[in-house]
Amino acid sequence: MISAGVEVKINRLESIVEQIGEAVLSTTETIERLAERLDTLSIQVEAQGQQVQQQGYQIVALCDTVQTLAESQHDSLQKLNQLTQTLDRFMSVIQALDD
């Protein structure tokens, strides 16, 4: 009778150890899948970070270009104003000669 009780306990222990082993294997597989997903996400985040950095460089270049364009337009406007003043003077001289 003692050996039957021990055998029952051993069977229960074996069952518990088997369940623990299955749980460990299942947990390990889940962790491996999560690690793979994290790796994938990490790669995607890194790629997006590089894209954002590249876009930042492009924005800076665009701002520089817009600033250069604005300066060029300002210079053109000044030259146009000078030309207009010169034409006004010519018109004044021509009108004075006509009178």
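1. Glu36 sits in helix α1, which covers residues 2-98. The model is predicted. Glu36 is exposed, because its relative accessible area is 52% and the cut-off for exposed is over 50%.

2. Together with Glu29, Glu32 and Asp39, Glu36 forms a patch of negative charge on the surface.

3. Charge across the protein chain: there are 6 positive and 15 negative charges. Their mean positions lie 10 Å apart.

4. Next, the nonpolar surface. Leu77, Leu80, Leu83, Leu87, Phe90, Met91 and Ile94 make a nonpolar patch. The patch has an area of about 690 Å².

5. Leu77 is one of the residues in that nonpolar patch. Leu77 also belongs to helix α1. Its relative accessible area is 47%, so Leu77 is partly exposed. Exposed would need over 50%, and buried would need under 20%.

6. Overall fold: the protein chain has one helix and zero strands. The radius of gyration is 42 Å, well over the 13 Å that the globule rule gives for 99 residues. The chain is therefore more spread out than a compact globule. Along the principal axes, the C-alpha atoms fill a box of roughly 140 × 15 × 10 Å.

7. How much of the protein chain is buried? Buried residues make up 0% of the 99 residues. The chain exposes about 9,300 Å².

Notes:
Residues numbered from 1 in each chain as written. Predicted model: local features only at pLDDT ≥ 70, side-chain atom pairs only at ≥ 80, totals over all residues. Heavy atoms only, no water. Patch = residues over 30% accessible without salt bridge, like charges linked within 9 Å, V, L, I, M, F, W, Y side chains within 5 Å. Areas by Shrake-Rupley, 256 points an atom, 1.4 Å probe, with all protein chains shown as cover. Salt bridge = Lys/Arg side-chain N within 4 Å of Asp/Glu carboxyl O. Lys, Arg positive; Asp, Glu negative; His and termini not counted. Charge placed at Lys NZ, Arg CZ, Asp CG, Glu CD. Helix = DSSP H or I, 4+ residues; strand = E, 2+ residues; numbered from the N terminus. Buried < 20%, exposed > 50% of the residue type's maximum accessible area, 1.4 Å probe, protein only. Rg over C-alpha atoms; globule rule 2.2 N^0.38 Å.
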